[in-house]
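Trainee: I am new to this structure and would like to know what stands behind the terms used for it. Please show it, and I will ask.

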Amino acid sequence: MSENMNAFPGDDRLIDRTRAIWADVLCVAPDERLLVLTDNKVASLGSAFYQGGRDLGFQVVHVIMPPLAKGAAEPLALAGLALRECEVYIAITSAGTRSITHSRARQEASKAGARGLTLPGMTEEMLLRDAVGANYEAIARGTETLANALNGTDRLHITSEGGTDLMLDVHGGEWFAERGLCDKPGDFSNLPGGEVSIAPVNAEGMLVVDGSINLLGRLESPLEIVIKERRIVSVKGNRSEELISFLEEFGPDAFNVAEIGIGMNPMARLCGTVLEDEKILGTIHIGVGDNSHMGGKSLGKVVAVDVHIDGVVVSNPKLYADGSVIDPRNFINA
């Protein structure tokens with residue numbers, strides 16, 4: 001994009017929000033090189049970030065690529081190169097395509113020291129929501145403290161008023177704190193940010209998803225998911241066949257239980273978009289499919305597959321770590 005391009009012709013609040021993200025979430029220094037990477041379906045939102053960065057006097061480039069198909073997990077090679085060569089990036093992918101989060105390109109960029117935000121399915125309305133404008137310094141402290149508290153845990157037990165009763169083996173792992181705040185080389189986060197997660201070694205029991213799930217959005221009625229030996233073996237409820245058919249497109253590995261995540265953003269609210277819903281303070285989400293690009297460290301079997309979706313439990317979930325109650329709300333002082 002050229003220096004004499006017209007200013008972003010949208011809501012001034014969007015530009016204000018993008019400036020705040022560059023300055024306060026990504027903590028950009030004047031001499032750093034910034035990349036906005038979008039597919040063409042969300043190019044206008046990328047333009048808002050470009051404009052916000054230019055308004056602050058930063059060196060910023062906007063790269064537009066084709067949307068990533070469900071079975072094509074990696075961006076074009078030139079886009080991956082741009083991710084590795086910048087210091088700071090924002091990667092926005094349109095709804096229905098795979099997030100850059102779970103890609104080799106993002107992982108290689110993190111290893112090269114680039115830090116940034118991945119925003120799957122982000123919209124202008126979502127960008128203006130309170131969860132995006134949360135106090136990320138407080139969230140960063142809270143997520144790090146909770147992750148440290150969970151490190152060394154062997155077994156988790158999750159229950160909920162909706163019927164979840166799930167046991168997870170997480171022994172020997174190092175939990176990942178998605179701080180929201182990206183101020184260190186290699187940092188990456190979603191936005192809204194704020195969760196603590198790990199890839200389990202094993203999982204057994206009943207998961208009742210009653211908030212939202214990728215592909216299906218906000219659920220009108222719960223999905224009852226039976227898990228054995230870290231795999232989904234059955235799903236019951238309205239739209240269960242739709243979920244099963246979607247996962248079957250990617251093969252057996254798509255049914256792998258890839259993640260246990262804990263929401264840590266006190267400003268997030270249930271809206272039907274998993275990007276925000278999974279961050280709701282006190283909620284639990286279970287990811288299935290790919291775990292090869294998770295943060296933190298795990299002793300769980302590595303599964304690489306071109307899909308990762310999350311189901312959110314909102315009906316007062318309770319978490320027990322080696323028998324002790326863990327309340328995420330006690331770790332956030334916003």
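Predicted model: local features only at pLDDT ≥ 70, side-chain atom pairs only at ≥ 80, totals over all residues.

Trainee: What makes strand S4 and S8 count as paired?

Mentor: Strands pair if there are at least two bridges between them. Strand S4 (residues 115-120) and S8 are joined by three bridges, and they run parallel.

Trainee: In what order do the strands of the open sheet come?

Mentor: The order is S2-S1-S3-S4-S8, five strands with parallel pairing.

Trainee: Why are strand S2 and S8 called edge strands?

Mentor: Strand S2 (59-65) and S8 each pair on one side only. From one strand to the next, the twist averages 15 degrees.

Trainee: Which strands does helix H3 touch?

Mentor: Helix H3 (residues 77-85) packs on the sheet and touches strand S1 (33-39), S2 and strand S3 (88-93). The direction of helix H3 makes about 150 degrees with that of S1.

Trainee: How many aromatic pairs does a search of the whole structure find?

Mentor: Three aromatic pairs are found. One of them is Phe176 with Phe188, whose ring centres are 5.2 Å apart.

Trainee: Why is the pair of Phe176 and Phe188 called stacked?

Mentor: Ring centres must lie within 6.5 Å, and planes under 30 degrees apart count as stacked. Here the centres are 5.2 Å apart and the planes are at 20 degrees, so the pair is stacked. Phe176 lies in strand S7 (residues 176-178) and Phe188 in strand S8 (residues 188-190), so the pair ties together parts that are 12 residues apart in sequence.

Trainee: How do you know whether Phe176 and Phe188 are buried or exposed?

Mentor: Buried means under 20% relative accessible area. Phe176 has 17% relative accessibility and so counts as buried. Phe188, at 13%, counts as buried too.

Trainee: What sits over the ring of Phe188?

Mentor: The charged end of Arg106 does, 3.6 Å from the ring centre.

Trainee: What kind of pair do Phe246 and Phe250 form, and why?

Mentor: Planes over 60 degrees apart count as edge-to-face. The planes of Phe246 and Phe250 are at 65 degrees and the ring centres 5.3 Å apart, so this pair is edge-to-face. Phe246 counts as buried at 13% relative accessibility, and Phe250 counts as buried at 17%.

Trainee: Where does pLDDT stay under 50?

Mentor: Over residues 1-6, for which the model has eight contacts beyond four places in sequence. The protein has a mean pLDDT of 91, and 96% of its residues reach 70 or more.

Technical notes:
Residues numbered from 1 in each chain as written. Heavy atoms only, no water. pLDDT = per-residue confidence, 0-100. Contact = heavy atoms within 4.5 Å. Phe/Tyr/Trp six-rings, centres within 6.5 Å; stacked < 30°, edge-to-face > 60°. Helix = DSSP H or I, 4+ residues; strand = E, 2+ residues; numbered from the N terminus. Buried < 20%, exposed > 50% of the residue type's maximum accessible area, 1.4 Å probe, protein only. Lys NZ or Arg CZ within 6 Å of the ring centre and 35° of its normal. Axes fitted to C-alpha atoms, helices over the stretch in contact; angles between N-to-C directions.
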